[in-house]
Amino acid sequence: MTVAGLQALLSHWRRNPWQLFTMIAGLAMATALWSGVQAINAEARASYDRAANALGQGQYAQIVGRDSAPLDQAQYISLRRAGWLVSPIVEGELDLEGERFRLTGIEPLTLPRGADAPAPLELSALAGFIAPNGEILVHPDDAGTLANTDHSFRPDPGQTRGTLTADIGLAQRLLKTDAITMLLVLPDQPLGQPPLSTIDPSLVLVEGQGQGDVARLTESFHLNLTAFGLLSFAVGIFIVYGAIGLAFEQRRPVFRTLRTLGLPLGRLLALLAVELTLFALAAGAIGIALGYIFAAALLPDVAATLRGLYSADVTDTLTLRPAWWLSGLAMALGGTAAAASGAFLRLNRLPLLASTQPRAWAADAQSSHRRMAIIAAFLGLVGALFAAFGSGLLAGFALLACLLIAAALALPLTLDLMLRLGSRLARGAVPQWFWADTRQQLPGLSMALMALLLAMAANIGVSTMVSSFRLTFTGWLDQRLASELYLNTTSPEEAALLTGYLEDKVEAILPIISIDTRIGDLPAEIFGVLDHATYRDNWKLLDAVPLVWDRLAAGDGVLVNEQLSRRENLSVGARLGHDTVLGVYGDYGNPAGQVVLGMDAFHARYPDVAALRYGLRTGVADPKAVADDLRRKFDLPPDALVDQARIKAVSLQVFERTFSVTAALNILTLSVAGFAILISLLTLATMRLPQLAPVWALGLTRARLAALELVRAVCLAAFTGLAAVPLGLGLAWVLLAIVNVQAFGWRLPMYLFPLDYLHLGGLTILAAFLAALWPALRLARTQPDALLKVFSNER
Amino acid sequence: MSARSIFLALAVLPAAALAQGFAGLGTNADGFAIPQPDPQFVFPADHGPHPDFRIEWWYLTANLTGPDGTDYGLQWTLFRSALRAGTGDGWQSPQLWMGHAAVTTPDAHFVTERLARGGIGQAGVIADPFRAWIDDWQLSGASDWSDMTLSASGPSFAYDMTLTAEGPLVLNGADGYSVKSAEGLSSYYYSRPFLDISGTLTLLDRPVPVTGHAWIDREWSSQPLSQAQEGWDWFSLSFETGAHLMGYQMRQTGGSTYTTATWIEADGVATSYPDGAFDARPLDFTTIADRTVPTTWRVMLPERGVDVTVSALNEHAWMTTSIPYWEGPVSVSGSHSGKGYLEMTGYDGD
Amino acid sequence: MLQVENLTKSYATADGRTQVLDGVSFGMERGETLALTGESGSGKSTLLHLIGGLDRPDSGQISLNEKKMTGLDDRGRSALRRGTVGIIFQQFNLIPSLTVAANIAFHARLAGRHDPDWVERLTDRIGLTDQRDKYPEALSGGQQQRVAIARTLAARPKLVLADEPTGNLDEDNAEIILMLLLETAREAGTSVLMVTHSLNLAARLGRRLHLSHGRISA
Ligand SMILES: Nc1ncnc2c1ncn2[C@@H]1O[C@H](COP(=O)(O)OP(=O)(O)OP(=O)(O)O)[C@@H](O)[C@H]1O
Ligand SMILES: [Mg+2]
């Protein structure tokens, strides 16, 4: 009975391969977008963990010198001899074969177990690793570049691109230092250990962060991606919902026959569940494969973004990790279950001898619209509560979710009202029928239209956010990069020589001087600035005391960047340590907090720090001539002088790559929504013959009917697009005013881009038109006998 | 494979399978010096390291008693292992160091381990005045080992002890040249069996004053194991008569053994015994960490009328170090009674 | 008024072509009522569809009101259906998205002959004035057929083609529907060509044609 039953059920798909394709494609697409995003996240997280493990960022407490001063070896030994279990790390940059690498020196014997970064060391390899010219671990992609150097390299997929790991002895030699950058503190320390301050008061213990700074800073970025993945998944599930609903409707006669022949309802439901599980697994597998391709294509951009925005190193090659493909499979199964639940409930309630006539999807469309609208109103209320009382990134996303779902749920009722208005205004039999019929299609199309609404709103919201960001960012770059030339020197001596030479050739030489530190346990930079018109004229402060520049120069206080101000709650007048905050400035694209001191105050506080970088105001002189002269005179490498335009170009490039992922997801989501409409229309098309045949029999040509179908799709898309604009703007507002502030630490002004929205609207209508075109053409070509069967067959 | 276990594979500890997997370690000296018969030790210099040999250790075990009569065992070991013969400056040094410290009570066993690179001052041994250290652990004192202090610490225990020498150094084998296999693999090996020890154990923050008897072993070599050897069972026993017995058997594939023993009279006069004189047979086994380990033995040296049962104070004295082994205090009964230490290596899982 | 000459129609089936109509000829006068009988599968519906312009014959001629139909394209035949003929099927005649009232008026409005009084009278005549704002799904089969009849007659067609309009109904109901159709048709001066299995019903019509083996056998 079971086998026969399953055969009967499955035969449906053999007869309707198109439907099968629809369902599998929808589910696979949903899974692909979801698991693709998850794959990217998993890869990035793995990279952070690797970095954190190797460098001890976060996972382990660290001992560093005050003000990031390097440690010497004797300090390491004295700590060990005092019973402190610490492991030395040296870090630095190394130029090899014209590329810059980040070299980390580790001491494998004392390295904490979890931080066993060079894991692939073979049994015999330790001797090779700690030998005087030991092996250097390198990412396989970089191994080729370095093949011709004198060092011996060992390709290790555990490394991040652009980074090298070597024994500390070798690393110190390569970096020409005998210092230690920091000490990792092992988790299990022995009894009776004296406090650090009694051993060496110049050392500072920085507690572990658990996940590490990078993970913390980038968390918001990944949350963003996840939210997008979920949105795309939801859009895809709409398709599955439609396909399953249709398959159930069409098989009602089969169900009835099977039931009449004695198959218990429970067994029937179980068979259907088995069938759907099989499909979900198959579609999930396809989706994961697609997701892998998708993620592999996007990962380099994501990696570039994370590098540019957070200085986080992420490999750009993808590994198949159970974390994401399992989650993809789970989502496929869960999504199918969610999409099928309605159909199962209906089937469960189906009386044995119910009419086998296919009815419109939701006969009680009216009441279901109203129900959805009530839920929407409730969600709107919850969202308002989040907006009013919530704080943090999660509250921001919760607000977004409420907003989007509420809008989607309210859509059918809204459209219904619009259509009712349309039919009220309609004159003539055909227009009246058109509106009435469109209203009747609404329940079948509403899922696809909701998907379209979400996709369009996301598009409008995100593009508004990105464009606002771009506008602000480029304006800000113009302010901040006021110097025509930037000079990089390698030593204070060289700096003195070059600036001495330049003294009377340029209008001003502005030292860029800073030290790295930590404020509130997160990385921060302290800068010193000269009192110069460049800053007074160009830096737009978000908030400041009167005469801020004079007071800064006088050493009255400090300026902080917006992200630090928000993070540490430092508004103007607040105190940061012993300093008063004199002003807050916008600082986009920087994850770290910044403090700006007057140059005198900076030197007084950090007498040992010398400036190696300078901004040059060339004044009347031609920047290019100045640069060429300097290069020729001192035989400088190309990197020593960078002009403003190049820095701007690089910054903008980082910016564009940052949002290329978002853009790709945007387009994919919109395409999925377009596909959802196509599927829904095709689905409806098969059910539409009984609705259209009488009209045709009464004398409307098939061509006319097909044209009306097209008009209908375009109208619905246009109405939906109309509804998407305010929703998208709301979304943009939440992104700019809440999510971005939480994620990046800065708030951006919102700009409107009506032409973009029009463009998107046109695109959507075109998509709807194209989606409707095929079903319409099929209708126009329907043979009369197919229409006639409506009247003669007992269906 | 973690850095630690690599280190241990290089070190002397006898995980025979691993050692043999590491081509050459078992049989070939690879540019290292090789022990020669008829050694002439010079003290205190020979208490210091011998960097031309691959492996070396300073090995202290002690049987202790608390104020309430509870028995304790204590271990302090410093291993030296060289990647290449010779020394080097700073991180270039090919010498690696490893410390093991343990305290055994009748129902607990505390173990901890330290690793260090040579050349940077984190660990090492100096002969005069004597100082052997790794991190904050230290065995130091007079260059003739007459008076020394000993300390070690771990996450859940620590100890601080004082040692006083009672009798002479004892040279094992032929004047300190100890043959370990029929093929003639050998080491330099001497012991200091007569040491009084007292001090404080700190067990989970609870101080325990203890006194007892300690034994130091010194051994260095370049060929730790023959290819056919799986591990060893080593006994150091102190009898109530004042005599001591050091004996061990190298277990070889196929079940045969190669044994060595030194009998030490109460006055310090020592006699070495060749293969076959000493006999040790397991009487009872304990399953620890998925391995079956003999924790009660019948030990015989018929030429001295020794036929005793040796039982572990705590059968679970398992060293959870990078390469694990069993090491703990034992009690002796039968023809003689007394206390001692037992070390068993090469008992693999599966 | 209706002239059918030498009509042939065949369908492609799995085992070759099935000749359904094999030279059918007959004529009908204005106001005449004609019953078409025949075994199941004899081609009655096919013939009706050809006359209604819903399908094309393989060969032969159909003229309505002296106008040859054979040359008409889809557009022309659609116009014919809108204006000259009315078709009533056994079931599923109504447009599900429109109310009873809208359904009844629909054809007439398409034909450009909407006469509210006439519609009202027809609605009254079929006894469904109370149900005029309901949707078809809320009506019984008999009620639905009554609406279909009213809708057809509201458009004042010259010829009503009915394909077993009462096939789904019990005998009493069938009787009522048929009488309704015939009476209103007579009032409007409309010709009726009705397919039926029931000799009983056929007897109520003016003339009877029998279709067998693709030919009229009178
Ligand atoms: N679209 C089609 N394709 C193939 N064969 C068809 C098609 N439509 C009808 N036929 C065949 O043509 C023949 C006549 O069909 P038709 O529906 O005209 O019969 P009918 O006389 O109306 O029968 P009934 O009394 O059962 O309604 C039948 O054998 C049928 O199988
Ligand atoms: Mg028929």
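Two strands are taken to pair if DSSP finds at least two bridges between them; strands (E, at least two residues) and helices (H or I, at least four) are DSSP runs, numbered from the N terminus. The structure is a predicted model, in which local features need pLDDT of at least 70 and side-chain atom pairs count only at pLDDT 80 or more, whereas totals for chains, interfaces and linings use all residues. Residues are numbered from 1 along each chain as its sequence is written, chains are lettered from A and ligands numbered from 1 in the order in which they are written, and side-chain values use heavy atoms, leaving out hydrogens and water.

In chain C, an open sheet is formed by 4 strands in the order 2-1-4-5, with antiparallel pairing. Its edges are strand 2 (16-28) and strand 5 (67-68), each of which pairs on one side only. Strand 5 is joined to strand 4 (residues 59-64) of chain C by 2 bridges, and C:Ser63 has C:Lys68 as its bridge partner.

Ligand 1 is surrounded by 13 residues (a heavy atom within 4 Å), the closest being C:Ser40, C:Gly41, C:Lys44, C:Ser45 and C:Thr46. The site is shared between chains, because residues from chains A and C surround ligand 1. Helix 1 (residues 44-51) of chain C gives the most to this shell, with 3 residues.
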